[in-house]
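User: Could you walk me through this structure before I set anything up with it? I would like to take it topic by topic.
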Amino acid sequence: MRKILCATGILLASVSVAHANSSTMSNFSYDYAEARIGVSPLTYGAGFSKSIHPNAHILASVDTEFDSDWNLAAGVGFHAPINNWADVTGELKLRNEKSEKHDGSGGKVGMEVNIGVRQWLGPQLEVGGLIGHTSIDDDDNVIGAIYGRFHATELFSIGAEGRFNDTYGDTVLLTTRFKF
């Protein structure tokens, strides 16, 4: 099952990139730096995304409780418009995690594949969600997230996100995103 999900994610990303042209433009910016704080448990994190193609981006993120733990992720994502107000997204990431479940001096290495959607509800309000699969050290999990983001200006936004069944369990995050 894990191999099928990985192959599907790679196939979707490659088909999206192969069929992209200059008239296929996304409805959202995928060039940003992000800072975030988890409310329960208390975590700190940062993220980065950069477009490498009209329908593809690279990304990296780190989260920690500063208790000899971390969740590092880096990978490639695709994005394509569904209509004038929504994008479908997907990501394939390599993850390195050191937590209560995955202990060791260098953490444990695994992967994540996910698919999601981003939707404009108004000129400044964005909502979205994703569902995915992680496989780290023979521990397979289904993960999910939902979020809302208020774009105060074209270059700055704030948001709230709920993550489910991820590294730190069910978590609420407050985020700040800077577009570049």
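This is a predicted model: local features need pLDDT of at least 70, side-chain atom pairs count only at pLDDT 80 or more; totals for chains, interfaces and linings use all residues.

User: Ok, fold first. How many helices and strands are there in the protein?
Analyst: The protein has one helix and 10 strands, and along the sequence they follow the pattern α-β-β-β-β-β-β-β-β-β-β. Of the 180 residues in the protein, 43% are buried.

User: And in which sense do β7 and β8 pair?
Analyst: Strand β7, residues 125-136, and strand β8, residues 139-151, pair in the antiparallel sense, and the pairing runs over 12 bridges. Within that pairing, Thr134 stands opposite Asn141 of β8.

User: What about the turn, how many residues sit between β7 and β8?
Analyst: There are two residues between them, and the two strands form a hairpin in which the turn residue Asp137 has a positive phi of about 55°.

User: What joins β8 to β9?
Analyst: A hairpin does, and it passes through four residues.

User: Switching to electrostatics, how many salt bridges does a search of the whole structure find?
Analyst: The search finds 13 salt bridges.

User: Which partner does Glu34 have at 3.2 Å?
Analyst: That partner is Arg149, with 3.2 Å between the closest N and O atoms of the salt bridge. Glu34 lies in strand β1, residues 32-38, while Arg149 lies in strand β8, so the pair ties together parts that are 115 residues apart in sequence.

User: Are those two buried or exposed?
Analyst: Glu34 has a relative accessibility of 9%, and since the cut-off for buried is under 20%, Glu34 counts as buried. Arg149 is also buried, with a relative accessible area of 3%.

User: What does Glu34 do with Arg177?
Analyst: The side chains of Glu34 and Arg177 meet in a salt bridge, at 2.9 Å from N to O. Here Glu34 in strand β1 is paired with Arg177 in strand β10, so parts that are 143 residues apart in sequence are tied together. Both Glu34 and Arg177 are buried. Salt bridges with shared partners also join Glu34, Arg36, Asp63, Arg149, Glu161, Arg163 and Arg177 into one network.

User: And Glu91, which residue does its side chain meet?
Analyst: The side chain of Glu91 meets that of Lys93 in a salt bridge, at 3.4 Å from N to O, and both Glu91 and Lys93 are buried.

User: Now the voids. How many cavities of 30 Å³ or more does the structure hold?
Analyst: It holds three such cavities, and the largest cavity has a volume of about 640 Å³.

User: Which residues lie nearest the centre of that largest cavity?
Analyst: The lining of the largest cavity comprises 35 residues, and those nearest its centre are Tyr32, Glu91, Lys93, Leu130 and Glu161.

User: What about pockets, what volume does the largest one have?
Analyst: The largest pocket has a volume of about 240 Å³. Its lining has 16 residues, of which Ser29, Trp120, His151, Glu154 and Lys179 lie nearest the centre, and the elements that each give two or more residues to this lining are β6 (108-120), β9 and β10.

User: One more: where does Ser68 lie?
Analyst: Ser68 lies in the loop between β3 (56-64) and β4 (70-83), and at 59% relative accessibility Ser68 counts as exposed. Although Ser68 and Lys98 are 30 residues apart in sequence, their C-alpha atoms are 7.7 Å apart in space.

Note on methods: Residues are numbered from 1 along each chain as its sequence is written. Side-chain values use heavy atoms; hydrogens and water are left out. Two strands pair if DSSP finds at least two bridges between them. On a 1 Å grid over the protein atoms alone, a cavity is a set of points where a 1.4 Å probe fits but cannot get out, and a pocket is an open set with protein on both sides within 12 Å along at least five of seven lines; lining residues have an atom within 4 Å of a point. Grid points are joined across faces, edges and corners, and a volume is the space filled by probe spheres set on the points. A salt bridge is a side-chain nitrogen of Lys or Arg within 4 Å of a carboxyl oxygen of Asp or Glu. Buried means under 20% relative accessible area, exposed over 50%, partly exposed in between (1.4 Å probe, protein chains only).
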